[in-house]
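I opened this model to look up a few contacts and packing details. My notes follow in the order in which I checked things.

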Amino acid sequence: MTSLAERAGAARRASVRARAGGLVVLLLVLAALAGAGAWAWRAGHLDTRQVLVTGTVRVPVEQVQAAAAGALGTPLLAVDTGAIAREVATDPLVLDVAVQRRWPRTLEVVVTEREAVAAVPAPGGYEVVDEEGVVLAERPDLPEDVPLLRVDVERDGADTLRAAKAVLAGLPLEMQARTTSVSATSPADVRLVLDGVEVRWGTPERTARKVEVLSGLMSSVEASVYDVSSPAAPAVIP
C-alpha cells in the first residue's frame, strides 16, 4: 500500500518534471525566434524601407522625409531616431516630433506643428506668432485668420501675449466685434479700444464680472476711458 508521504513525493517530482519540460520548450522557442531574427537581420528583411510622415500641415512632407532619408536601408532597430527628431525640430514651425519604429520596415515621423494664435505689429508689416511668441511667418498685410494683438513680445514676453489673447477670447462675441484694438505691456495691463474709447482691463481674471461692470458703465456714463481692472472699484475719465 502506498503511504501518504510517498504519494506526495511522487506529486512533487511530477510537478518538477512538468516545470522543467515547460522551461525547455520556452528556451527552444526563444532560440528559434532569435535565429529567425538574426536571419531576417542579415537578409535585410528588417531594413527601413519607407518613411511615413504624419501631422504636417505647413511643414513640407518632403522636408521631413529628407531629414530621415539617411535611415533608408538601415536596420530599423539601428536607426538613430533622436537625431532625426532633432533635425526635424530645427524648423520653427515644429513644436514637437516623435519618431517611431513600425515593424518590420517603416519609420513614422509624427510632427506636431506650432499653432498661430495672433498677429503682432512688426517693421514692414506683421508677424504671425504662436502662444510662446515664436514667429511663424511675416506678412506685409494683416492676416484675416488670427486676431491682431498690439504686444511687443520680445520686450514684454510671451506671458503678456497670452494675457492679451485670453482677454479677447473671454469677451462676448458682440463685444469682440466692437473691439478694434487689444494691447498690453504686461500680463496685468491689457487694454482695449472698444467703440472708439479706451478700456483698461487689467489681467484676464474675473472677465465675466468685468464685462458686466463695463456694460453698465458704458450705458450710463459717457467717458473717454473706462477702467474695470478692479471691477469692485471701477473708474472713468471724462
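Which side chain meets that of Arg-114 in a salt bridge? I found Glu-132, with 3.0 Å from N to O. The model is a predicted one, and I read every entry below with that in mind.

**Entry 1: salt bridges between loops and helices**

I looked up where the two partners sit. Arg-114 is in the loop between β3 (106-113) and β4 (118-122), and Glu-132 is in the loop between β5 (125-129) and β6. They are 18 residues apart, so I noted the pair as a link between distant parts of the chain. I then checked accessibility. Arg-114 has 14% relative accessibility and therefore counts as buried, the cut-off being under 20%. Glu-132, at 46%, counts as partly exposed.

I moved on to Glu-131. It forms a salt bridge with Lys-165, and the closest N and O atoms are 3.1 Å apart. This pair also links distant parts of the chain: Glu-131 lies in the loop between β5 and β6, Lys-165 lies in helix α5, and 34 residues separate them. Both ends are partly exposed: Glu-131 has a relative accessible area of 35%, and Lys-165 has 28% relative accessibility.

I ran the search over the whole structure as well, and 13 salt bridges came up.

**Entry 2: a buried leucine**

Is Leu-149 buried or exposed? Its relative accessibility is 1%, so I wrote it down as buried. Leu-149 lies in the loop between β6 (135-139) and α4 (153-156). I listed its contacts, leaving out residues up to four places away in sequence. Among them are Ala-118, Ala-119, Val-120 and Pro-121. Leu-149 also touches Leu-161, Ala-164, Lys-165, Leu-168 and Val-182.

In what order do the strands of the open sheet lie? I read β7-β8-β9-β10-β11, 5 strands with mixed pairing. The edges are β7 and β11; each has a single partner strand, so one side of each is left without a neighbour in the sheet. From one strand to the next the twist averages 20°.

I checked two of the pairings. β7 (residues 179-184) and β8 (residues 190-194) run antiparallel and are joined by 5 bridges. Thr-179 stands opposite Leu-194 in β8. The hairpin that joins β7 to β8 passes through 5 residues. β9 and β10, by contrast, run parallel, with 3 bridges between them. There, Arg-200 has Asp-227 in β10 as its bridge partner.

Ser-181 lies in β7 and is buried, with a relative accessible area of 15%. Beyond its neighbours within four places in sequence, Ser-181 is in contact with Arg-150, Arg-191, Leu-192 and Val-193.

**Entry 3: helix α7**

How far apart are the end C-alpha atoms of helix α7 (residues 207-220)? I got 20 Å, which agrees with the 20 Å that its 14 residues should span at 1.5 Å a residue.

Which residues of α7 are buried? My list is Thr-207, Lys-210, Val-211, Val-213, Leu-214 and Leu-217. Residues three or four places apart in an α-helix point the same way, because there are 3.6 residues a turn. I then looked up what covers the buried residues: the cover includes α5 (158-170), α6 (173-178), β8, β9 (197-202), β10 (225-227) and β11 (235-237).

Glu-212 forms it with Arg-209, and the closest N and O atoms are 3.1 Å apart. The two residues are 3 apart in α7, about one turn of the helix. Arg-209 is partly exposed, with a relative accessible area of 37%. Elsewhere, salt bridges that share partners join Asp-189, Arg-191, Glu-198 and Arg-200 into one network. Arg-191 is one of the contacts of Ser-181, and Arg-200 is the bridge partner of Asp-227.

Notes: Residues numbered from 1 in each chain as written. Predicted model: local features only at pLDDT ≥ 70, side-chain atom pairs only at ≥ 80, totals over all residues. Heavy atoms only, no water. Pairing = 2+ DSSP bridges. Helix = DSSP H or I, 4+ residues; strand = E, 2+ residues; numbered from the N terminus. Expected span 1.5 Å × (residues − 1). Buried < 20%, exposed > 50% of the residue type's maximum accessible area, 1.4 Å probe, protein only. Contact = heavy atoms within 4.5 Å. Axes fitted to C-alpha atoms, helices over the stretch in contact; angles between N-to-C directions. Salt bridge = Lys/Arg side-chain N within 4 Å of Asp/Glu carboxyl O.
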